Amino acid sequence: MFGHAVLEIREAQVPLLSAMLLGGCAAKLARVLRVGSMDAGLGPTALFPLRLRRPVAVATAAVEFACGVALIVTAGGLGRGGPATGVRLATSLLFLVATCALIELRTSHPETGCGCFGEFSRAPVSGRTLARSAFFAAAALATIGLPPLRAPHPGADAARLLGIFAIELGVIALLSPELGEALTRLGYSEPCELRRLPTVRTLAALRRSSQWRKRAWLITTEVPVDMWRELCWRYVVFPARIGDRATEIIFAVYLRPHRPVVNSALVDSATGDVLAWPVAPARRRRFFAAKPQSTGLEPSGIRRLSADAESGSVSPAASLPISGARRPAPGASWPGPGSGLGAGSGRIPAGMLSAPSDPDQYLRAIRVDDPPNPGEDDLPLSSDL
Amino acid sequence: MLDVHGDFRCCDRCTGNATAVRASRRRMLKAAVLTAHGGPSGPEAGRAADFPVPGKLPRAVTGTVRDVSPHVLVIGNGASETRIALTSEATAWRGAPLEPSGVQPGDQAVVRLHPSQRSVADRIWANIGRVTGVIIERDADSLLVDEGKTKPRQLVTIPCAASGRIQVRFPNLEPGYLLDVIGVRRPGELEARIPATSQPAYPVGQMPAPAMVSGRVPATISGSVTWHDPVDEPPGLLGVSYPALDPGSGCAEDPVGSAAPQFVRMPYLAVGSVLQVSNDCTNSSCTLSVTGCAAIARLFNDRCVTCGTSPRGRIADLTQASFIALGGELERGCFNATITIGR
C-alpha cells in the first residue's frame, strides 16, 4: 500500500515538472517579446559577461523547453528504458545546476531576481526560491527509473492523483515569491495619468462621440492641427470656420479605453477668445434630431447666436467672447488654422472625417513658421528675472 | 577615433520661437476648454501665467567672455555685450575653483548675478559642460555617449587626474552602461572632471522594472533635479525637460526599446505644460514650462544628496538658467526638489 502511494507520487512529478519547465519558458518568452530584446533577461545570466548573456539566456530557455517537451513525450511507452531515464537525468541536472547558480546569484548579485518565471520573478533570490529549485531537483531525481506512466482509472485512482497534484501545487505556491507578484498584478489598475493610449484610439473615440457629431460640421480639415496630452486628458485641435471668421475647435478627450468623456470649446484663432457655439443649419438639426444632442456639458451662460437657419452662417458681430480666457498680446497672432497645412474653406462632412492612421501625421500638420515675436506668452528667459 | 555623427532629430521638442508659441497657444486652448466646462481651470489656468517673478530669483547670463580684468567681466552674446562687475566675493569654476579674473577671453561662461545687484557677478562657470547618456562605444582614451534622439552624440575624454574619482562612481565604463559626468568643454568633446552621480549597477538593457503601485499619481513628487547642456536652446531659457512626455506624441525618445522604465510614477505631460519646481535645499520655487523630454533622466534611479537624501529618481532636467535661478550649483549636478503638477 505504502509502496503504491510512493509510486503514484513519483508518477505525478513528470507532468508537474513538465508544466513548470514549459511555464517558465513561456514566461521568459513573454518578457522578451514585451521588452523587445533578449538582453533584458533576468536571473543567473547576470553572472556572465555582457557579451555572453544573450546566448546563455537563449540556451537556458531552449533547454527548459526541450526538457519540458521530452518529459511528456517519454512519459508513456515511447520512452521506455533509456530515453526516459536520459531525459529525467537531464532534468535533474538542470535543476541542480539552477540551484547552484541561484546560490551564487544570491551571493554576488543580491538585488537580482531569479528570472525563473520571467517578469514575475523580479524579487531578489530568497530562501524560498532556493528551496523551490532544490524541491524540483529532488522531484526530478525521484522520476528516474519509473515505469511508463499509465492513465489513472476513473474514480479513486484519479481522485488520489488530483489530491497529490493539489498538495504539490500548494507546496510550490508556498515556495514561490512570484505568487505575490501575480496577485499584485491582478489587483492593479493603472492610473489614467500613467495609461498609455495611442493617439489613434483617442481620435477614433472622439469621432464616435456626440460632441464630435455636433461640432464636426464646422471643421474644415481632416487632420488636427495640434494634439497633446496632459495628465488624464488628450487635447485635439481642429481648424474651423464660422462665416469669414477663422476659429479653432478644441476637444478634450478623457483617457480611458471605452466611452471617454469629451468636452469641446470654440476659440477665435486671431484673438484666443472663447466663442459661443453657432446653431447648426436646419438640415443638420433634422439629421441629428434622431440622436440625443444634449451632453449636459454645454457651458451655462453661453448665448445661442443668431444664425441663418438655412446657410448656417453667423453674423461676426454676434460671435462675442464669452469668457476671460487668456488672450495673446496686442499685435501678436496665434498660429491659426487658416494658414496651416490642413486649412481649407470647405467644411468636411462628419462622415468623411477620420483619424489618421499614421500617428505622426498630425505633427506634420503643425505650422512651423510661427511669427518671430510671439508676444507676452513667449517662454521666459533668465533675463526676465 | 570614435564617430560622433549620429542621427538625431528635433521633432516637437526643440525650443525656440515655434515651440514657445505652440506652448503658449496650448495653454490658452486648454484654459478655454476647461473654462467652458467648469473644470479645474482656475488654479491651473492661472498657473500658466505664474512664471518667475522678476527680482526674486538669481539671474544667469550666458555667453562668450570677450574681455576680463580684475574688476570687470565682459560677456558677449551675438551683437550684445554685458558688462559685469567682479567683486572680491565672486567665485569662479573652470574644471576646478579659480579666481574670477582667471577666466579667459573666448571661454563660454555662465554667470550668476547677485539677486540684489544685477550688474555684479556672484559666481562664474567657465566652459562647464555635462554629458548624461548611454555609453555606446569606447576606445583607449575616450567614450562615445548617446544622449537620446534629440541630441547629438557626445565624445567624453577622462584625463588621468580625474580618472580615479570618476571610476569610483562609474566602475563600468563599457558600452550599455549609463554615464553622467560634469567637466570642461573642449572643441568637439567634454573633458570629464566630476562624476555627477553614482552609476546604476545594471546596463540600460537590463533595468529592473519599477514597482506597480495602484491609485492616483500624487500632484506633488519629490526627487532629484538635474541640469543639461543647452544644445538648441536659446541662451538663458527658463524651462524644464520632463521625463514623462506623452509616448503617443509620435516622437518617442526611448533609448532602449519601446518601453523605457520610469522609476518615479510621473504623469504624462506635453511640451507646453507647466509645473512648479521647488528647490528643497533653498526653499526657492518657480513655475516652469516643459520645453523638452528628459529621455535619459528617467533611466536613473539615483538620489540627490545636496541637502539630505532625496527620494529615488530624477523628476526634472532643468535648463542651466532654471537650475541657477532655483539656487542650484552647476558643478554639484543636482538638488533635492519637489515638483507640483496642476490638475
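**Helix packing and a buried proline**

In this predicted model, the axes of α2(A) and α3(A) come within 10 Å of each other and cross at roughly 140 degrees. The crossing in which α2(A) passes α3(A) is left-handed. On the α2(A) side the contact is made by V63(A), C67(A), A70(A) and L71(A), and these meet V87(A), A90(A), T91(A) and L94(A) of α3(A). Sorted by class, this contact of α2(A) with α3(A) has seven nonpolar residues and one polar residue, with no charged residues.

Helix α2 of chain A covers residues 50–73, and its 24 residues should span 34 Å at 1.5 Å a residue, which agrees with the 35 Å that separates its end C-alpha atoms. Its buried residues are R53(A), A57(A), T60(A), A61(A), E64(A), C67(A), G68(A), A70(A) and L71(A). An α-helix has 3.6 residues a turn, so residues three or four places apart point the same way.

Helix α3 (residues 82–108) and helix α4 (residues 127–142), both of chain A, have axes that come within 8 Å and cross at roughly 160 degrees. Because the angle between them is over 145 degrees, α3(A) is roughly antiparallel to α4(A). This crossing of α3(A) and α4(A) is also described as left-handed. The α3(A) side of the contact consists of R88(A), T91(A), S92(A), F95(A), L96(A), A98(A), T99(A), L102(A) and I103(A), while α4(A) contributes T129(A), L130(A), S133(A), A134(A), F136(A), A137(A), A140(A) and L141(A). By class, the contact of α3(A) with α4(A) has eleven nonpolar, five polar and one charged residues.

P260(A) counts as buried because 21 other C-beta atoms lie within 10 Å, and the cut-off for a buried residue is 20 or more. Apart from its neighbours within four places in sequence, P260(A) is in contact with A205(A), V253(A), Y254(A) and L255(A). P260(A) and T202(A), 58 residues apart in sequence, are 8.7 Å apart in space, C-alpha to C-alpha.

Chain B can be described as a whole. Chain B has four helices and 18 strands, and 53% of its 343 residues count as buried. Among the contacts in chain B with a separation of 6 or more, 70% are accounted for by residues 24 or more positions apart.

Terms used. Residues are numbered from 1 along each chain as its sequence is written. Chains are lettered from A and ligands numbered from 1 in the order in which they are written. This is a predicted model: local features need pLDDT of at least 70, side-chain atom pairs count only at pLDDT 80 or more; totals for chains, interfaces and linings use all residues. A residue is buried if 20 or more other C-beta atoms lie within 10 Å of its own, exposed if 12 or fewer, and partly exposed in between; C-beta atoms are placed from the backbone. Two residues are in contact if their C-beta atoms, placed from the backbone, lie within 7 Å. Helices (H or I, at least four residues) and strands (E, at least two) are DSSP runs, numbered from the N terminus. Axes are lines fitted to C-alpha atoms, for helices over the stretch in contact, and angles run from 0 to 180 degrees between N-to-C directions. Angles under 35 degrees count as roughly parallel, over 145 as roughly antiparallel, 65 to 115 as roughly perpendicular and the rest as oblique. A crossing is left-handed if the near helix is turned anticlockwise from the far one by less than a right angle, and right-handed if clockwise. Ala, Val, Leu, Ile, Met, Phe, Trp, Tyr, Cys and Pro count as nonpolar, Asp, Glu, Lys and Arg as charged, and the others, Gly among them, as polar. The expected span of a helix is 1.5 Å times one less than its number of residues.
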